[in-house]
Amino acid sequence: MNINKSIYLSAALALALASCSTQKSKLPNLSTLKPIENADHLPTRKSKLSEEDLKRWSHLDIINDTIPGMSVDRAYAEIIKDKVGNKVIVAVIDSGIEIDHEDLKPQIYNKNTSKAKKKKNKNNIYKDDIHGWNFLGKSNDENLEMTRIVKKGDDGSMKYKRAKGELDLKIAELEPLKERIELLEASNAILVKHLGKDVYTKEDLETIVETAPEDVTKAKKLMGNIFASGRTLTFIDDMKDYYKGQMDANLNVNFDGRAVVGDNPYDINDVNYGDNDVMGDRDHAKHGTHVAGIIAQSRNNGLGGDGVASEVTEIMSLRAVPNGDEYDKDIALAIRYAADNGAKVINGSFGKYFSQNNKWVQDAIKYAASKDVLIVVAAGNDALDLNPLTGDVDRYPNDRNLNASKEFADNFLVVGALNPTFGEGMIANFSNFGKKDVDVFAPGVKIYATTPYGKYEYLQGTSMASPNVAGVAALIRSYYPNLTANQVKQIIMDSGVTVNQEVIVSGNKDDKREFEKISTSGKFVNAYNALILADKVSRGK
């Protein structure tokens with residue numbers, strides 16, 4: 001969408017009339033700074049990133065470091081420096097957040113002491129909602145949406161037929177996984193007995209000679225492949241947990257994960273449910289804690305990684321995403337809660353391909369737009385073209401009805417994922433893409449951030465790309481509070497770095513597309529550029 005210049009001028013006037021206390025938050029005139037326009041002239045990086053750089057590669061600079069980072073460090077060094085920004089509440093709708101994590105605790109939103117502008121909500125029904133709200137109560141595991149549709153019974157609809165077909169296919173596809181897990185467990189048991197160790201290493205395997213019994217040498221080869229891929233023995237347990245979660249909960253029509261919540265998830269007016277435990281089960285808060293860390297883990301404190309916008313954000317935790325598909329009702333109410341309680345940015349690192357009550361979520365997105373809230377969401381991890389020539393792919397939440405040409409809201413930004421490699425391999429092999437339904441790309445592979453029990457891990461997904469962009473949005477909204485949600489969205493899209501070359505998509509080396517044609521903007525996000533453009537827009541130029 002084009003940003004109307006008259007809006008710029010009125011915004012600039014509002015800025016000029018701001019109080020003295022707000023003036024200290026203003027950045028200097030950035031008109032002398034030159035944005036990064038493209039990086040096509042750069043050579044492919046030959047050297048390997050150091051561990052220190054890998055932990056914060058998304059903050060590095062495409063020009064100086066020759067990787068598609070967001071130039072966050074450069075933005076701090078050359079633009080933000082020691083300037084004081086306005087606090088911005090960023091709502092993280094996710095699995096729960098470890099709010100007592102040492103690297104997150106200073107940035108956790110507290111309704112009673114929030115430095116951000118408070119929003120009075122006279123109709124608040126959420127008792128003692130200090131840090132946000134838990135819409136899942138004691139629930140952790142859930143069905144996928146297609147499972148819920150099938151368990152309701154055949155109503156003759158195409159939705160039911162598609163859900164039943166995909167559910168049957170998913171269950172069938174898991175059978176080989178079960179066989180592989182059993183093979184790995186058997187091989188592991190053989191090696192444990194032969195080596196006399198419950199836990200062994202790659203080096204231990206190398207001590208096994210070729211003349212060892214055949215079952216031992218076969219086990220060595222199989223488990224050696226696990227180590228060679230960079231994994232450890234915990235990979236077996238991870239596979240078992242995934243298989244069990246799918247078969248016992250996600251795909252099981254006889255499983256009811258919602259019973260412990262006590263509400264009717266298909267009644268949008270049944271709102272008296274949940275509690276104020278915004279972390280929930282600590283073991284299930286990994287995803288949300290990692291997402292929050294990408295945005296707000298403390299910078300330059302010698303711990304873990306650095307957040308994109310830790311100095312200016314307050315993280316509001318809205319627990320609404322289970323191990324399975326989220327309910328439309330929970331997402332809709334979480335968005336409304338965020339909008340009613342002062343959030344200016346919402347991060348949604350979730351999504352699904354079936355929806356029974358999508359209108360509730362769409363109405364909530366529109367409501368957030370009316371409250372000037374920007375929503376940043378993940379594009380999805382299924383290596384799909386969401387806008388193929390044969391018709392668009394259903395993916396929820398969205399801001400455009402299927403096959404419609406026009407978006408129904410202007411505050412919704414969808415993010416695909418990048419690798420820490422510039423060139424044809426820069427798109428993450430799992431990332432969805434689409435000319436109409438993915439707006440921008442950002443770092444989403446090997447992202448180092450907070451996890452439960454005070455730890456840190458590398459995780460990957462468009463789930464990690466989205467909060468990187470939400471952090472950039474928070475920076476803009478902090479230092480240029482006169483800009484609207486739509487203006488911030490457009491600034492992020494328009495200020496990105498262009499790439500005039502083909503890239504590999506869908507995880508298929510033979511599927512190459514022009515980078516500019518796999519998203520609406522044709523760019524990847526750059527914080528340095530975004531602040532320069534935000535300064536220009538806020539001044540009405």
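Helices (H or I, at least four residues) and strands (E, at least two) are DSSP runs, numbered from the N terminus. This is a predicted model, in which local features need pLDDT of at least 70 and side-chain atom pairs count only at pLDDT 80 or more, while totals for chains, interfaces and linings use all residues. Residues are numbered from 1 along each chain as its sequence is written, and side-chain values use heavy atoms, with hydrogens and water left out.

**Whole chain**

Begin with the whole protein chain selected. The secondary structure comes to 16 helices and 13 strands. The radius of gyration of the protein chain is 24 Å, close to the 24 Å from the globule rule for 541 residues, so the chain is as compact as a globular protein of that length. This radius is taken over C-alpha atoms, and the globule rule is 2.2 Å times the number of residues to the power 0.38. Along the principal axes, the C-alpha atoms fill a box of roughly 80 × 55 × 50 Å.

Colour by accessibility next. Of the 541 residues, 55% count as buried; buried means under 20% relative accessible area, exposed over 50%, and partly exposed in between (1.4 Å probe, protein chains only). The accessible surface of the protein chain is about 23,700 Å², and 50% of this belongs to carbon and sulfur atoms. These areas come from the Shrake-Rupley method with a 1.4 Å probe; for residues, only the protein chains shown count as cover. Among contacts with a separation of 6 or more, 77% are between residues 24 or more positions apart. Contact means heavy atoms within 4.5 Å.

**The loop between E5 and E6**

Select the loop between strand E5 (374-378) and strand E6 (412-418), where Asp399 is found. Asp399 counts as buried, at 4% relative accessibility. Beyond its neighbours within four places in sequence, Asp399 is in contact with Glu407, Phe408, Ala409, Phe412 and Lys489.

Most residues other than glycine have a negative phi, and most peptide bonds are trans. Pro397 has its place in the loop between E5 and E6, and a cis peptide bond joins Tyr396 and Pro397, with omega about 0°. Ala383 also lies in the loop between E5 and E6. The phi of Ala383 is positive, near 55°, and the residue is buried, with a relative accessible area of 19%.

**Lys489**

Follow the contact from Asp399 to Lys489. Lys489 is in helix H15 (residues 485-494) and is buried, with a relative accessible area of 3%. Its neighbours within four places in sequence aside, Lys489 is in contact with Leu374, Asp399, Glu407, Asp410, Phe412, Leu413 and Asp439.

Move to the loop between E6 and E7 and select Val438. Val438 counts as buried, at 0% relative accessibility.

Lys446 is in the loop between strand E7 (440-443) and strand E8 (447-451). Lys446 has a positive phi of about 50°, although it is not a glycine. Lys446 is partly exposed, with a relative accessible area of 40%.

**Two helix pairs**

Two packed helices are described by the angle between their axes and the distance between the axes. Axes are lines fitted to C-alpha atoms, for helices over the stretch in contact, and angles run from 0 to 180 degrees between N-to-C directions. Angles under 35 degrees count as roughly parallel, over 145 as roughly antiparallel, 65 to 115 as roughly perpendicular and the rest as oblique.

Select H12 (residues 328-340) and H13 (residues 358-370), which pack at about 10° with axes 8 Å apart. That makes H12 roughly parallel to H13. The residues in this contact divide into 10 nonpolar, 1 polar and 5 charged. Ala, Val, Leu, Ile, Met, Phe, Trp, Tyr, Cys and Pro count as nonpolar, Asp, Glu, Lys and Arg as charged, and the others, Gly among them, as polar.

End at H5 (residues 72-80) and H16 (residues 527-538), which pack at about 40° with axes 7 Å apart. H5 and H16 are therefore oblique to each other. Val72, Arg74, Ala75, Glu78, Ile79 and Ile80 in H5 meet Ala527, Tyr528, Leu531 and Ile532 in H16. By class, this contact has 8 nonpolar, no polar and 2 charged residues.
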